[in-house]
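Hi,

Here is the structure I promised to pass on. Have a look at it first, and then read my notes below.

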Amino acid sequence: MEKLIITAALVGAEVTREDTPYLPVTPVEIGEAAAEAREAGASIVHIHVRDENGAPTQDRNMYRRAIEEIEKRCDVVVQVSTGGAVGMSIEERIEPLSLRPEMASLTTGTVNFGDGVFMNTPEQLVAFAEEFERYGVRPEFEIFEVGMIANAMKLVKKGYFTGHLHFDFVMGVPGAIPATADHLLHMIKQLPEGATWSVAGIGRAQLPMAVLGIVLGGHVRVGLEDNIYYRKGELATNAQLVERVARIAGELNREIATPDETRRMLCLSKTKFY
Ligand code: KMH
Ligand code: ZN
C-alpha cells in the first residue's frame, strides 16, 4: 500500500470556542495548530478562517495571514476551503483561490447539511471550476453524497481538472451520506481509475472511518472541523486526533507520508504567488 496521507481539518465553519477551547481561531493559533498537527503526522491541513469575532469568513486576507503563520512553522500542504459556511455566496467562497494555494476543497453537489442546505448547483460548479483553473489550484473533491462523484466527473469530462484526481468522502453529516462501511465501499467503487481518496467521519464516526481508510488503502482526514472529542465526554486537540491515527497506522504497518511525499502522490506543485 502507498504511504498514508493524514489531513488535519483544523478549524471548520461550524464548531465554536464555546464547543471547545482547543479550536484554533486566529491566524497565529491556526499556524500553531498546523505545526502541532504536522509534528503528529499530518501532511495536509484543510483550513477555514474566522473573523475577529470568531465567525466564519472567506476573507482573502485572513486566509493569507493564516497561510503565512503556517508556512513560518512547517512545510505542510495547505488546502483552503471553498465550502466556507452554509449560506455564503459563491463570490465569497472563491476568495481564497486567488492566493493560489496548493490545494482547495470543492464540494460537487447540493446537500442537506444539518438544518441547512449546502448549495452547489451545476451552474455554480462550473463557476468554481473556472476559478480553480484560472489560478491553477488543485481540487480535493469533498464528497458528501455518492452522486457528487459523478458530478465531479462531469466537470472533468467538460475539460476541467486534467491530471490526478483526489476525493475526500465526508461521511456522517446529518442530512448526507451515513458513515458506514457499506457506503464507503460503494463510493470507492465509483472512483475513476488512478484516483486517490481519503475519508472523514463526522463526530463519533471519525475513528472507525479512519481505521477503514487505513486498512482499505485510502487516506484519512481527522480534526476538530469534523469531531471535537477524543472519546465520549473528553475533548481533543487537533494534534491528539492526528497522533492517534498515526499510531494506529503504525500498528497496522502503514507508513505515514511526509508533505513532500504527499505532493508527489497527489501531483501537486508548490509554487508561491502571494
Ligand atoms: N462548512 C461546510 C458547509 C469544505 O470545506 O469544502 C462546508 C465545508 C466543505 O466545510
Ligand atoms: Zn471544510
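This is a predicted model: local features need pLDDT of at least 70, side-chain atom pairs count only at pLDDT 80 or more; totals for chains, interfaces and linings use all residues.

Residues are numbered from 1 along each chain as its sequence is written, chains are lettered from A and ligands numbered from 1 in the order in which they are written, and side-chain values use heavy atoms, with hydrogens and water left out.

**Helices**

Two packed helices are described by the angle between their axes and the distance between the axes. For helix 1 (residues 27–40) and helix 8 (residues 238–251), the axes cross at roughly 15° and come within 8 Å. Helices here are DSSP runs of H or I with at least four residues, strands are runs of E with at least two, and both are numbered from the N terminus. The axes are lines fitted to C-alpha atoms, for helices over the stretch in contact, and angles run from 0 to 180 degrees between N-to-C directions.

On the helix 1 side, A33, E36, A37 and A40 make the contact, and on the helix 8 side N238, A239, V242, E243 and A246 do; contact means heavy atoms within 4.5 Å. Sorted by class, these residues are six nonpolar, one polar and two charged. Nonpolar covers Ala, Val, Leu, Ile, Met, Phe, Trp, Tyr, Cys and Pro, charged covers Asp, Glu, Lys and Arg, and the others, Gly among them, are polar.

Helix 1 also packs with helix 2 (residues 60–73), where the axes come within 8 Å and cross at roughly 40°. Helix 1 and helix 2 are therefore oblique to each other, and their crossing is right-handed. Residues of helix 1 including I30 and A34 meet residues of helix 2 including A66 and I70.

What about helix 7 and helix 8? Their axes are 10 Å apart, at an angle of about 40°, and that makes helix 7 oblique to helix 8. The contact residues here divide into eight nonpolar, one polar and one charged.

**Pockets and cavities**

The largest pocket holds about 480 Å³ of space. It has 28 lining residues, and E14, F113, I202, E225 and D226 are the closest to its centre. (On a 1 Å grid over the protein atoms alone, a pocket is an open set of points with protein on both sides within 12 Å along at least five of seven lines; a cavity is a set where a 1.4 Å probe fits but cannot get out; lining residues have an atom within 4 Å of a point. Points are joined across faces, edges and corners, and a volume is the space filled by probe spheres set on them.)

The second largest pocket has about 270 Å³, and strand 13 gives the most to its lining, with three residues.

How many cavities of 30 Å³ or more are there? The count is two. The second largest cavity is about 40 Å³, and its lining includes M103, H164 and L268.

Cheers

Key:
Angles under 35 degrees count as roughly parallel, over 145 as roughly antiparallel, 65 to 115 as roughly perpendicular and the rest as oblique. A crossing is left-handed if the near helix is turned anticlockwise from the far one by less than a right angle, and right-handed if clockwise.
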